[in-house]
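User: Could you walk me through how to read the features of a structure like this one? I would like the general idea and then the case at hand.

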Amino acid sequence: MSASPAGLVAATALCALLPAAGLPPYYLHLLASAFLLATLASAWSLLAWGGQISFGQAAFFGVGAYAAALASIHGVVSWAALVLGATAGAAAGALVSAAALRLSGAPLALATFAFAEIGRGIAINWERLTGGGAGIVGIPALPGPASSPRAVAYYLALLLLTVTLSIFVWMARSRLGLALAAVRDDAERASLLGVNPAAWKLCAFALSGGLSGAAGGLYAHMVRVVAPDLVFSAWYSLVPLIMATLGGPRTALGPAAAAVGLYLASELVLQPLVPTLHQVGYALALIAAVLFLPGGLGGLVGRRRNAAS
Amino acid sequence: MLQALVSGALLGCFYALVASGFALTLSVTRALNLAHGEMIVAGGYLGYWLWAGSGLGPLWLMPVAAAALLPMGWGVHALLRRLPEPRELTSLTAGFGVALLLQDGMRALWGSDYRLIADSALTASLRLGPISLNRGRLAAALAALAVIAVLWVALTRTRWGRAARATALDEEAAALLGINTDLTGRTTLLLSAALAGASGVLFATLHYVHPAGGGPLVMVSIVLALWAGIGRMRSLLAAGVALGLVETLGVAWLGPGWRETLVAAVLLFTLLARGGSLARGMTAGGHAG
C-alpha cells in the first residue's frame, strides 16, 4: 500500500505529458474514456471496501450524465454543470443507500441493479424533461483552445481519476476506511463497538455515487449526447464490476489499472480482430476472476458469513 | 377491466413457466443463474430457426428446443459447482459473464435481427362473451400450465423430486441421508435449461427476440422466485399470475413504456420488504434449516 502514492504520482505525471507529446485526438479520446471507466471501477471498489457489491453503478453514471447535460443545455456554465452532475450522483448514491439500508450481499446487488433499471425507465418515459428514448443532443462542448479540443476533456478525465484514486488511498487509511472494514467483517460486532454501520455505508455510497456521477457528467460533455440506453446501459454497471474484481478491489491502483489495460486491449486489439465478439474477452475475464482469484468475491463480503457457510 | 384481468392472468401463467427453471436452480443449488434470460432467448432463436426452416407448429418445437439446450445446463452446472462462497453473490457475478457470452454467441450465430414466430394458427383471436383472447397468448398460457403440472408431479411424486426438495431444504442434511446432492444439482440444471428452451419457443411466439432481450426475462424470474420462496413450486404459479396482473394493470394505467420499469420497481420493493434475506426459507448467509 505504501508504494501506491508514489506510483500514483508517477503515472499521473506521465499521463499529463501525453497531449503535449502530440498524441492524436483519437487516442486522447480513447484514453479519456479509459480514465472514466477507471474512475467507475475505483468508485465501485470504494463500495466494495465496505463489503457492498454494486450491480448498478450505471444508475449514478446516468444520473450524473443527465443532470450535467440538462444544466448545460439550459445555459449553466460547463464547470458548474459538471459539479452538478457529481452532486446529483452523490444524492442518488445516498438515496440508494438510505433505501437499501438493511440489505447486503446478493439482495443489495440485485437492488442496485433494479435502481439502474428504474433510472433508465424514468429517462425513457419522462419525455418532457429527458427527451425520451432519443435523449438530449447538442450539449455544448467544454470550453478550451480550438487547436486541441480533446485535450481539455482528457485533462479533466485524468484529474477526476487522480482525485478518485487519492480518495481511495485516503479512505483506506482514514476513520471511514476502518469503520467500513469493521462493518464488512462483522456488521453486528461493529455496531456493538459503537460504529454506526448505516451512516458509514451511506458515506461510501454517496462518495461512490458522486465520483460516478462526475464521470457521467464529463462523459456527457465529451460525447455531447445522452440517451437512456447510452448512459443507463448495464454496461456501466458491468465494467466496474469486472475491472475491479480483476484488478483486486482492495488495492488502490488495481481496479484503475485493470480498467485502462482491459479497455485499451479490447478497443485496440480485440475489437478490430473480432468485432462481433467484443464482450467475450470481458466475460471470460469476469468468470475467471470469480473462479480463480484467491479470496475472490467471497473475501469482499466479510469473514463471518464465509465461516458460517 | 375484465379484459385486462384475463390477459394479466394468461401472461402470469407464461411467466411462471419462464421463472420455473430459475426458481428450481435457486432452490436446489442456492445459485442465482443470471444467464437464465439469455438461455430463454437462445431457445427462442432456436425455435424461430426451426420454425422458419421446417414449418412445424411452435408447440411441437418446444421439446426440440428443450433438448437442444441441455448441454447449456450441463455447462452452467459445471461452472456453478466450482463457485466459491457466498454462492448467491458469486453465481450472480459469474452468471453475468455467462449472459454476456451467450449474447455474443447469439449475435455471431444469428445476427442482431429481431425475430418473431408469426404462426398463422396463433395470431387469430377468439371471442368469449365480452372479452377477446389472442389465440397465441391462450396457447402459451395453456402450454405453460401443462408443463408446470408435469413439473409439479415430478417434484412431488418421483425419487428425483424428493431428492431435489430435500436438497433445497438443507443440502448438508440431504447429503448425510445419502442423497447425491451433486447429481441432484446437475439434473436440476439440465431440467432448468430444458424449461428455458421450451419457454423460449413460446416467448418467440409472443414477442420479438433479440440477443440482448434476456434482461427483462431474468428480472421476472427473480421476482417470481423471491415471491414463491424456496422449494415452493406451486406458489410459483400464484406468484406468476400476481405479477402478470400487476404488470397488465400497471401498464394499462401508466402506459406501455413503463413495463420493464414496473417489474424493476416490483423487484426493488420486494427486496426492501424482505429486509435482507432473499426468499422465504433462505437466510442472507446461507441455508435455513
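This is a predicted model: local features need pLDDT of at least 70, side-chain atom pairs count only at pLDDT 80 or more; totals for chains, interfaces and linings use all residues.

User: What area is buried between chain B and chain A?

Analyst: The size of an interface is often given as the accessible area lost when the parts come together. Here about 3700 Å² is buried between chain B and chain A, and carbon and sulfur atoms give 79% of that; the value is summed over both parts, with a 1.4 Å probe. On each side, 41 residues of chain B are in contact with 41 residues of chain A (heavy atoms within 4.5 Å).

User: How many salt bridges are there between chain B and chain A?

Analyst: Side chains of opposite charge can pair when their charged atoms come close. The count between these chains is one salt bridge (a side-chain nitrogen of Lys or Arg within 4 Å of a carboxyl oxygen of Asp or Glu). E260(B) and R120(A) form it, at 2.8 Å, N to O. Over all chains the count is 11.

User: Which residue of chain A meets R120(A) in a salt bridge?

Analyst: That is D229(A), at 2.6 Å, N to O. R120(A) lies in helix α5 (residues 105-125) of chain A and D229(A) in helix α11 (residues 228-231) of chain A, so the pair ties together parts 109 residues apart in sequence. Helices here are DSSP runs (H or I, at least four residues), numbered from the N terminus.

User: At what angle do helices α3 and α4 of chain A cross?

Analyst: The axes of α3(A) (residues 57-73) and α4(A) (residues 78-99) cross at roughly 145 degrees and come within 7 Å. Axes are lines fitted to C-alpha atoms over the stretch in contact, with angles from 0 to 180 degrees between N-to-C directions. Among the residues in this contact are F60(A) and V63(A) of α3(A), and L84(A) and V96(A) of α4(A).

How values were computed
Residues are numbered from 1 along each chain as its sequence is written. Chains are lettered from A and ligands numbered from 1 in the order in which they are written. Side-chain values use heavy atoms; hydrogens and water are left out. Buried area is the accessible area (1.4 Å probe) that two parts lose on being put together, summed over both. Helices (H or I, at least four residues) and strands (E, at least two) are DSSP runs, numbered from the N terminus.
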